[in-house]
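Dear colleague,

I am handing over the structure below, and I would be glad if you could read the notes that follow alongside it.

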Amino acid sequence: MFTSGEETSIILHEIGHALNPNLKGIEGEFMADNYTSERGLTDEIISSLEKGKAIRPSEFATKSTEQRIERLKKI
Ligand SMILES: [Zn+2]
């Protein structure tokens with residue numbers, strides 16, 4: 001299961017999408033991740049993505065997820 005911090009990071013990521021509906025694909029993911037990271041939950045969004053890979057590999061074991069994790073680790 002997700003920790004409360006991870007759940008918050010996922011909600012912030014989704015708000016990031018809602019505020020930038022024009023951005024699609026990986027650019028939209030990066031912007032939504034920025035929104036989360038700017039609010040101090042970089043570690044939490046990384047761990048939620050790692051858990052996503054384990055729990056729902058068909059959705060999360062993707063090149064996009066790897067690109068997001070690698071980028072978030074540099075923030
Ligand atoms: Zn997203």
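This is a predicted model: local features need pLDDT of at least 70, side-chain atom pairs count only at pLDDT 80 or more; totals for chains, interfaces and linings use all residues.

Residues are numbered from 1 along each chain as its sequence is written.

The protein chain has five helices and zero strands, where helices (H or I, at least four residues) and strands (E, at least two) are DSSP runs numbered from the N terminus. Its radius of gyration, taken over C-alpha atoms, is 11 Å, close to the 11 Å that the globule rule (2.2 Å times the number of residues to the power 0.38) gives for 75 residues, so the chain is as compact as a globular protein of that length. The C-alpha atoms fill a box of roughly 30 × 25 × 20 Å along the principal axes. Of the contacts with a separation of 6 or more, 53% join residues 24 or more positions apart, a contact being two residues whose C-beta atoms, placed from the backbone, lie within 7 Å.

Helix α2 (residues 25-37) and helix α5 (residues 63-74) pack at an angle of about 35°, their axes lying 11 Å apart; axes are lines fitted to C-alpha atoms, for helices over the stretch in contact, and angles run from 0 to 180 degrees between N-to-C directions. On the α2 side the contact is made by I26, E29, F30, D33 and S37, and on the α5 side by S64, Q67, R68, R71 and L72.
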